[in-house]
Amino acid sequence: MKVFYTLFLGFVLFFVACEKEDNEDARDDFPPIDYGNIQADAFQVLLTDEYSSITDTFGFGYLAENPNGIDTMRWNTLPNVNRYYKMEVQYYYQGVDVSPQIRAQGTSYYNCIRQLDFNKLKIIDIEQDANNDNLGLKTDWEVAIGNDINPSDETAKLSINYIKIDKQGFCDQGVNIFEGLMPAKIYDASLGFIPIDSVLLELSRNSMVVDSFGYSSRPNNNDTLEWKANGVSGDTYALKVKFYRAGVEVSNKVKEQANYYSLCFSNYNTSTFSLESSDLDDNGLPLGLETTWKLNSTAPPNNSGTMKLQLNYQSWQKGSDCSFGDTQFEVEIPYEVN
């Protein structure tokens with residue numbers, strides 16, 4: 001009988017232990033996390049200035065517009081003048097815009113924007129879902145910086161959240177589906193158009209200046225920019241451009257506002273030499289004050305000509321060439337390869 005009770009007790013303990021283990025396993029898998037039926041792996045932001053009707057865009061993930069993955073959302077404003085913008089966030093999955101699906105199920109989703117200085121950048125209106133709760137794919141903004149005209153660097157964190165029940169429209173609710181960072185900068189739109197009346201070009205090879213060319217109030221004895229290659233094809237040159245106003249160099253001011261400026265070279269014979277590289281602005285786009293060139297040929301008739309130097313200014317959406325904005329300074333430069 002003692003043996004029977006011992007075996008019976010052992011069986012009961014084994015059964016209880018197994019049941020407890022099964023219950024613990026079930027507890028680990030319950031409840032499962034519900035991510036909804038929409039996925040995202042990239043987003044694009046469109047920011048439209050209501051004053052100028054110009055739209056700036058920012059892409060995150062494979063939608064990044066710059067090959068270096070560098071981009072900045074620009075908010076232009078003026079001291080003591082409020083500026084108004086409309087922002088739209090579009091989420092993508094495997095190259096397909098899933099924003100219409102998010103909007104169709106808007107009562108279960110919320111697009112959150114945080115980490116900005118909301119004392120300067122204020123949301124004044126936000127898109128609602130069918131229940132009049134915040135959806136946030138579209139927002140209206142007011143930029144108000146008062147007397148603080150110094151450019152301000154910001155970083156916004158964007159995330160799309162899935163809220164299965166009881167959506168209340170704040171950032172920490174629900175399950176995060178996708179998120180990313182968007183660098184942003186508030187610019188003083190009154191900056192730009194630096195007064196320039198002269199230019200000086202310095203051409204170097206092997207870190208030695210081989211020639212210079214001056215225009216207007218900074219004349220140089222040479223009236224032609226000479227590329228002294230000694231007939232050697234493949235030579236590399238460094239070209240530095242300096243701008244002046246009333247005899248005072250203002251190149252550093254152009255560099256400080258590099259995101260607004262592009263210095264372009266055109267009308268030269270590309271069979272003679274080619275532009276290899278340029279200094280860059282904050283967004284990885286060419287500035288052009290310091291460039292490197294490669295000599296391709298020194299044989300006539302390609303050993304002389306003229307080169308057009310053009311400095312363009314644009315307070316919004318600077319491009320990679322001079323097909324945008326306003327030309328602030330322009331000059332034709334005679335050159336000769338000998």
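# Aromatic pairs, salt bridges and cores in a predicted model

The structure holds 20 aromatic pairs, counted where ring centres of Phe, Tyr or Trp (its six-membered ring) lie within 6.5 Å. Planes under 30 degrees apart are called stacked, over 60 edge-to-face, and the rest tilted. The model is predicted, and local features need pLDDT of at least 70 while side-chain atom pairs count only at pLDDT 80 or more; totals for chains, interfaces and linings use all residues. Residues are numbered from 1 along each chain as its sequence is written, and side-chain values use heavy atoms, with hydrogens and water left out.

## Two aromatic pairs

Phe-43 and Phe-60 are a stacked pair, with 5.1 Å from centre to centre and 10° between the planes. Phe-43 belongs to strand β1 and Phe-60 to strand β2 (residues 55-60), so that distant parts of the chain, 17 residues apart, are linked; strands (E, at least two residues) are DSSP runs numbered from the N terminus. Phe-43 has 0% relative accessibility and therefore counts as buried, whereas Phe-60, at 26%, counts as partly exposed. Here buried means under 20% relative accessible area, exposed over 50%, and partly exposed in between (1.4 Å probe, protein chains only).

The pair of Tyr-261 and Tyr-313 is tilted, because the ring centres are 5.2 Å apart and the planes stand at 55°. Tyr-261 lies in strand β16 and Tyr-313 in strand β19, 52 residues apart, and the pair links these distant parts of the chain. Tyr-261 and Tyr-313 are both buried.

## The sheet around β16 and β19

Strands β16 and β19 also belong to an open sheet of four strands, ordered β13-β20-β19-β16, in which the pairing is mixed. Two strands pair if DSSP finds at least two bridges between them. At the edges are β13 (225-227) and β16 (261-266), each of which pairs on one side only. From one strand to the next the twist averages 30°; axes are lines fitted to C-alpha atoms, and angles run from 0 to 180 degrees between N-to-C directions. β16 and β19 (residues 304-313) run antiparallel and are joined by six bridges. Ser-266 has Lys-308 in β19 as its bridge partner.

## Nonpolar cores

A nonpolar core is a set of buried Ala, Val, Leu, Ile, Met, Phe, Trp, Tyr and Cys residues joined through side-chain atoms within 4.5 Å. The largest core has 35 residues, of which Leu-201, Trp-227, Val-241, Phe-243, Phe-265, Phe-273 and Leu-309 touch the most other members. At least two residues of this core come from each of β11, β13, β14, β16, β18 (286-295), β19 and β20 (326-337). The most are given by β20, with five residues.

Beyond its neighbours within four places in sequence, Trp-227 is in contact (heavy atoms within 4.5 Å) with residues including Leu-203, Met-307, Glu-336, Val-337 and Asn-338. Tyr-237, Phe-273, Trp-293 and Tyr-335 are also among the contacts of Trp-227. One aromatic cluster is formed by Trp-227, Tyr-237, Phe-265, Tyr-268, Phe-273, Trp-293 and Tyr-335.

Another core, apart from the largest one, has 31 residues, among them Leu-47, Tyr-85, Tyr-91 and Ile-102.

## Salt bridges

Eleven salt bridges are found in a search of the whole structure. The criterion is a side-chain nitrogen of Lys or Arg within 4 Å of a carboxyl oxygen of Asp or Glu.

| Pair | N to O distance |
|---|---|
| Asp-49 and Arg-83 | 2.8 Å |
| Lys-157 and Glu-179 | 3.7 Å |
| Glu-202 and Lys-242 | 3.4 Å |

The salt bridge of Asp-49 and Arg-83 links distant parts of the chain, with Asp-49 in strand β1 (residues 42-49) and Arg-83 in strand β4 (residues 83-93), 34 residues apart. Both Asp-49 and Arg-83 are buried.

In the bridge between Lys-157 and Glu-179, Lys-157 is in strand β9 (residues 152-162) and Glu-179 in strand β10 (residues 175-188), so parts 22 residues apart in sequence are tied together. Lys-157 counts as buried at 19% relative accessibility, and Glu-179 as partly exposed at 34%.

Glu-202 and Lys-242 form the bridge at 3.4 Å, linking distant parts of the chain: Glu-202 is in strand β11 (residues 198-205) and Lys-242 in strand β14 (residues 236-245), 40 residues apart. Glu-202 is partly exposed, with a relative accessible area of 23%, while Lys-242 counts as buried at 16% relative accessibility.

Elsewhere, a network of salt bridges links Glu-50, Lys-86 and Asp-140.
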